[in-house]
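Here are my notes on this one, written up as numbered points. Have a look at the structure first, then read on.

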Protein chains: 2
Amino acid sequence: MDPIRLGIVGFGKVGKACAETLLHSKDLSLAGIVRRSESLTLPLAEAFRKVPVVTHMAALPRAEGALLCVPAAQVAGAARDCLQHGIPVIESSVLHGEAFCAYRETIHRLALHHEVPAIVGAGWDPGGLSILRSLFALLVPQGGIEETHRIADSLHHIAMVRQVVGVKAALCTEHRTSSGRRQRYVYVELEPGVDGDRVAAAIRADPLFLGDDTVVFPVESVAALEQGRGLVLERRSAPGSVAHQRLLFEARFDEVWTTAWMMLAAARALPGLRPGAYTLLDLPVRDLWGTQADQAVRAWL
Amino acid sequence: MDPIRLGIVGFGKVGKACAETLLHSKDLSLAGIVRRSESLTLPLAEAFRKVPVVTHMAALPRAEGALLCVPAAQVAGAARDCLQHGIPVIESSVLHGEAFCAYRETIHRLALHHEVPAIVGAGWDPGGLSILRSLFALLVPQGGIEETHRIADSLHHIAMVRQVVGVKAALCTEHRTSSGRRQRYVYVELEPGVDGDRVAAAIRADPLFLGDDTVVFPVESVAALEQGRGLVLERRSAPGSVAHQRLLFEARFDEVWTTAWMMLAAARALPGLRPGAYTLLDLPVRDLWGTQADQAVRAWL
């Protein structure tokens, strides 16, 4: 089978990680990179010198899918644009719950209308972690789940906070209580003379933070905080349930690479997908292995 | 939607756990219990007094699926029998790797021939743990995996060992090295005067243990060993890979209940499945939630 030809839209951290992985992949190939017109002339690393760089996915001939690696606020627009041109998309949104379902529904309708598939929320969270959370709930049907994020790059959130005037550096962590409420701690390193309250208000007013309980801490140095990023997910059976169970997942990970790898795994599921929007929960895990599916079943089942 | 009517074939630990869960389920219902003719008159717990008890699945009217909870050696026969009668099956086999693939292929052909679906390996391992292992490999593409089983009921293996003449009680543990080789430790409590070597030879000769490195330890008391059962699964990125990652899964669990719950989750995926054999890796996690799929996506994505 020929490799699946993929274009990368947006060449930030995740886009670069996707591109590097594609260079070494046997079953996926890099059709080209889509950048803003003002970035077109920016030099690329040696390895990408021969890769077409264009301003629109439609300019990449025979691309079979687009990996949307643009900032969160631009994902919906980029998705719509690709779908209108009949190009399947894969993205790693940062929405959850109702907001995610509404977004997915919008993409679903567009995808049906243009008769192409779209895979949404195919990153770390939502993404790989969603499969894990769902599996924990299946394995311990009656119980509570607790999720603790250590100081960690919440990529999209950090990108947003950094755009606030007066912010030199930022770090975001999140914590979900067992009742499901999300709390965000935002650590900001401010330019001299900047008003912390104004910055905090600007952050809380952004759609990415709306609805979350967001606490903003001005700190001396963000770099000093940046040690150890990770997550602990724990599910325990409820008191009085028939079996005492405890499942614990602990991860130390690089969110950029994990996001890129999950997006590429999702891309492997594209062939044969009917039009519509899919999350990773809608796809058999087997399909994420693409041409290696049979080996994966032998190895991991 | 009407509840999915399921029959339970075999009324051992897993069969009873399935039955109890079905009594309290809204979307699944207990069509009846299939027992050997010599067990037909055995009394059932009060809760099951009104449940039909028969000697063959075909005797349960309008059953939409059979949960095969018989000993490992009888699963293939029970599956064949149900499929021949056009009844979809769900089972939790204990095979892995090539042996599992060959078994699956046999069931697949039967299922296609009789035009019904079958879900195989839908328990803990293979089963829920297979999804987890596969996901770990997707999240850390270049790395090694290590699996350590603490002293734990390997249900089918214990059942086999207990049938060896001279064995009073038994406990089996397994350990998989990072090279993938499986080692089994079998602890046996022997009747007075029984030859430990003869027992060890009988165990190693059983198909369940063939191909595994099996070490048999005669012990004073198996009950004394039975503290803490669990599993640790760890995946680390390979040295030199682009990101340093470590994923750890730790479980303390009851294998009987977990197996039952995964079988029932698989049963929820039955409606709409086309004929053929499926593993849990072939089914979207969403489908394991049945009528609760939309809620599950909102909650766990």
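**Notes on packing and sheets**

1. H2(A) and H3(A) lie roughly parallel to each other, because an angle under 35 degrees counts as roughly parallel. Helix H2 covers residues 72-84 of chain A and helix H3 covers residues 97-114 of chain A; they pack at about 15 degrees with axes 9 Å apart. Axes here are lines fitted to C-alpha atoms, for helices over the stretch in contact, with angles from 0 to 180 degrees between N-to-C directions. Helices (H or I, at least four residues) and strands (E, at least two) are DSSP runs, numbered from the N terminus.

2. Some ground rules before going further: this is a predicted model, where local features need pLDDT of at least 70, side-chain atom pairs count only at pLDDT 80 or more, and totals for chains, interfaces and linings use all residues. Residues are numbered from 1 along each chain as its sequence is written, chains are lettered from A and ligands numbered from 1 in the order in which they are written, and side-chain values use heavy atoms, leaving out hydrogens and water.

3. Which residues of H2(A) meet H3(A)? On the H2(A) side they are A:Val75, A:Ala76, A:Ala79, A:Arg80, A:Leu83 and A:Gln84, with contact meaning heavy atoms within 4.5 Å. Their counterparts in H3(A) include A:Tyr103, A:Ile107 and A:Leu110. By class, this contact has eight nonpolar, three polar and one charged residues (Ala, Val, Leu, Ile, Met, Phe, Trp, Tyr, Cys and Pro are nonpolar, Asp, Glu, Lys and Arg charged, and the others, Gly among them, polar).

4. The residues in contact include A:Leu132, A:Phe136, B:Leu132 and B:Phe136; the contact divides into ten nonpolar, two polar and no charged residues.

5. In chain B, look at the open sheet: seven strands in the order E3-E2-E1-E4-E5-E6-E13, with parallel pairing (two strands pair if DSSP finds at least two bridges between them). Strands E3 (53-54) and E13 (276-278) of chain B stand at the edges with a single partner strand each, so one side of each has no neighbour in the sheet. Strands E1 (residues 4-9) and E2 (residues 28-34) of chain B are joined by six bridges, and B:Gly7 has B:Gly32 in E2(B) as its bridge partner.

Key: Angles under 35 degrees count as roughly parallel, over 145 as roughly antiparallel, 65 to 115 as roughly perpendicular and the rest as oblique.
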